[in-house]
Amino acid sequence: MAQLNQAELIDKKYVLFAEGCFGLFTSKIGASVLRYRGDRCVAVIDSGTAGRTVQDVLGYGGPIPIVSRVEDALHLRPEVMIVGKGLHSGDLPPDWKPHFLAAVQNGLHVINSIHFRLTDDPEIARAIRDKGVTVWETKDAPKVPLNMARVRDLDAWIIHTCGSDCNIGKKTAGLEIWNEANRRGIRTGFAASGQSGLLISGHGVAVDGVAGDFMGGAIEKVVMDAAVGNEWVVVEGQAALNHVQGSGVALTILHSSMPHVLVFCHRLGAERTKVWETPIPPIPEIIRMNEELSAFSGRPAKVAAVSVNSVGFSAEDYRREAEKLEAETGLPVVDPLRAGGAGRLVDILRAHQRETEDQLPGRRR
């Protein structure tokens with residue numbers, strides 16, 4: 001079987017693997033890929049929700065079936081299995097191994113989103129060799145130079161989505177801005193810094209798999225690649241400066257992308273971070289921290305808007321909470337997935353760009 005490149009893999013029909021975890025927030029990668037590339041998905045694997053549809057579980061995605069095993073989806077002719085969840089672990093869950101083996105033994109290529117490399121398991125590695133399938137380890141680090149601050153010389157206007165926690169909508173806000181700006185004729189590139197954005201846009205880096213000294217260079221390259229031929233670049237954020245584990249990644253992206261403007265992201269009503277359960281500081285405090293630390297890159301950036309994830313809020317409750325957050329921050333608060341939200345964000349960003357035009361682009365400062 002011929003080996004496939006990344007672009008070929010993400011263009012194939014796929015089955016999404018989310019065993020024991022399929023849900024809007026519990027399988028972040030899967031939920032994101034289904035929102036933006038659901039037309040390629042033939043089935044989801046999750047024994048806990050088998051028999052239902054993606055629409056039933058996520059509230060979007062349509063009648064894509066959920067099944068218990070890889071074998072149950074083979075009649076739908078998938079070519080690739082995408083692992084729809086990253087793990088806070090370097091191990092392979094024992095109950096996942098049979099699914100990986102079944103996928104490979106049935107000739108499916110695999111896009112692996114966890115830190116564990118599939119070839120580190122002798123049995124899976126042997127099946128990969130025997131079947132000749134392609135395995136894309138999205139956590140494998142690219143070979144990149146150290147950061148040389150070359151982003152400063154770009155003509156593109158750089159927007160960075162930062163935030164208060166993991167899995168709150170930084171990628172979604174970025175993708176919605178990217179889509180809407182391009183729809184309006186503003187040539188815009190998307191600089192993916194994580195696996196979901198990488199799988200959706202087709203290029204980028206999973207920066208959390210890159211060695212510390214090289215993270216800055218990886219982000220620099222992604223931004224420079226996304227800037228080619230474009231007026232704007234939207235840089236996907238990761239984690240948060242107040243995040244127990246991910247603060248270093250968040251700061252690296254903030255500094256290395258050298259943004260002209262920030263969009264701050266928050267899950268409406270959230271008071272504690274996921275997994276670590278640490279209190280989320282007051283939002284104005286985190287916004288101020290991002291703005292102050294951005295100055296160390298040589299290009300101070302201000303937050304132009306707060307993008308919120310308001311899943312589960314009624315229209316009335318959303319308006320009330322958004323108004324409260326607007327009063328606290330002095331900034332417009334928008335959910336990009338509610339009607340007109342993405343358009344409003346692009347309007348805000350365009351206005352902010354015009355207000356600061358004398359400082360743009362970076363090399364003309």
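User: In which helix does Leu-349 lie, and why is Leu-349 called buried or exposed?

Analyst: In this predicted model, Leu-349 belongs to helix α12, residues 341–355. Its relative accessible area is 1%, and buried means under 20%. Leu-349 is therefore classed as buried.

User: How far apart are Leu-349 and Asn-112, in sequence and in space?

Analyst: They are separated by 237 residues in sequence, and their C-alpha atoms are 35 Å apart.

User: Where does Met-148 lie, and why does Met-148 count as buried or exposed?

Analyst: Met-148 is found in the loop between β6 (135–137) and β7 (157–163). Its relative accessibility is 60%, and the term exposed requires over 50%. Met-148 therefore counts as exposed.

User: What makes α2 mostly covered?

Analyst: Of the 10 residues in α2, 7 are buried, a term that stands for under 20% relative accessible area. The buried residues of α2 are Ile-29, Gly-30, Ala-31, Ser-32, Val-33, Leu-34 and Arg-37.

User: How much space lies in the largest pocket, and which residues are closest to its centre?

Analyst: The largest pocket holds about 840 Å³ of space. It is lined by 33 residues, and those closest to the centre are Lys-28, His-88, Lys-139, Cys-166 and Asp-208. The elements giving two or more residues to this lining are α2 (28–37) and α7 (195–201).

User: How does the lining of the largest pocket divide by class?

Analyst: The lining of the largest pocket comprises 10 nonpolar, 15 polar and 8 charged residues. Cys counts as nonpolar, whereas Asp and Lys count as charged.

User: What is known of the second largest pocket and its lining?

Analyst: About 400 Å³ of space lies in the second largest pocket. Its lining has 26 residues, with Arg-35, Gly-169, Thr-172, Asn-309 and Leu-337 nearest the centre. Two or more lining residues come from each of α2, α6 (170–183) and β11 (302–309). By class, the lining of the second largest pocket has 10 nonpolar, 9 polar and 7 charged residues.

Definitions and conventions: Residues numbered from 1 in each chain as written. Predicted model: local features only at pLDDT ≥ 70, side-chain atom pairs only at ≥ 80, totals over all residues. Heavy atoms only, no water. 1 Å grid on protein atoms, 1.4 Å probe; cavity = no way out; pocket = protein on both sides within 12 Å on 5 of 7 lines; lining within 4 Å. Points joined across faces, edges and corners; volume = space filled by probe spheres on them. Helix = DSSP H or I, 4+ residues; strand = E, 2+ residues; numbered from the N terminus. Buried < 20%, exposed > 50% of the residue type's maximum accessible area, 1.4 Å probe, protein only.
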